[in-house]
Amino acid sequence: MNSSGMVNYLRLLRCDQWVKNIIVLFPLFFGHKITDPVLLLRCIVAALLFCLVASAVYCFNDVCDREIDRRHPLKCQRPVAAGVISVRTAFMVMIGALLVVASFCVVAPLVSPLFDHFIQLLPLFAFYLLLNIAYSLWLKHVAVVDVLVLAAFYVIRLYVGSMATGIVNSRWIVLMTFLLALLLGIGKRRDDIMRHAATGEVLRHSTVGYSIPFVDAAMGVVGGVTIVCYIMYTMSADVMTSVGSDYLFTTSIFVIAAVLRFLQLAIIKGESGDPSRLLLTDRFLHICVLCWICCFLFFIYL
């Protein structure tokens, strides 16, 4: 296989989207166990397995959406839509990725006690896969339901990390993850509406159930609730006791800045169609995330 062929397969797997799966590490981070090498290894392996499951889903989505993607100015470059990878090959890659994940979850616990709980990940992976199939075939065409399901995908990532490490997710982390993911999902729909307004073409049926004023208002509401929820989390008595500091609320400034920056990129610049790309390329968001991580680490571990 030449280099261009390898690039096409990497694009099919959408490796650039794997950054989303850092959420699998959240239970470890917020559970104050990020320095535990055993739990960290389990979490990293679980995240890698989830990357393969997510890539299998992307293969399925690319096959289902290939005709619609061909009419999209950016998605037309996806390997299946562009015709550089066949439908049959995409399905084979999908099945291969799922077989690797299933085999590891079954065999690894038999080989090493380090992965004792990984067999329990299979039902969660299966649920994620089935929900994605339902989303691709039906749910993504239902306005509002589509963004709620997208947010649920991120919460599933959170529970993969929890199950792999045995750390119970707090209600705050679950709620924060859902709200932040919902904000990103609404931002993606705004991009769809903008393209619909520019071309007159309906790329997905749910688009007709949205409008720019509705989406902008929804983003403002969800963004505001996300900020309030985070502030309440940092000022919660049990959280302050667990962290050992009364000043965790100061990290809210970086959350506020990041949410405002995303709203700016979405509403003013119209760049909310690919949140993963924004996280990887926007320097302002880089600074917000880095400062938040450093401050949070300082309060928790120092």
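## Asp62 and its arginine partners

Asp62 pairs with Arg14 in a salt bridge, with the closest N and O atoms 2.3 Å apart. A salt bridge here is a side-chain nitrogen of Lys or Arg within 4 Å of a carboxyl oxygen of Asp or Glu. Asp62 sits in helix H3 (residues 37–64) and Arg14 in the loop between helix H1 (3–13) and helix H2 (26–30), so the pair ties together parts 48 residues apart in sequence. Helices (H or I, at least four residues) are DSSP runs, numbered from the N terminus.

Asp62 also forms a salt bridge with Arg78, the closest N and O atoms being 3.8 Å apart. Arg78 lies in the loop between helix H4 (66–69) and helix H5 (79–82), so this pair joins parts 16 residues apart in sequence.

Asp62 is buried, at 1% relative accessible area. Arg14 is buried too, at 13%. Buried means under 20% relative accessible area, exposed over 50%, partly exposed in between (1.4 Å probe, protein chains only).

## Model basis

This is a predicted model: local features need pLDDT of at least 70, side-chain atom pairs count only at pLDDT 80 or more, and totals for chains, interfaces and linings use all residues. Residues are numbered from 1 along each chain as its sequence is written, and side-chain values use heavy atoms, leaving out hydrogens and water.

## Arg190 and Asp216

Arg190 and Asp216 meet in a salt bridge (2.6 Å, N to O). Arg190 lies in helix H9 (residues 171–199) and Asp216 in helix H10 (residues 212–234), so the pair ties together parts 26 residues apart in sequence. Arg190 is buried at 5%. Asp216 is partly exposed at 21%.

Key:
Helices (H or I, at least four residues) and strands (E, at least two) are DSSP runs, numbered from the N terminus.
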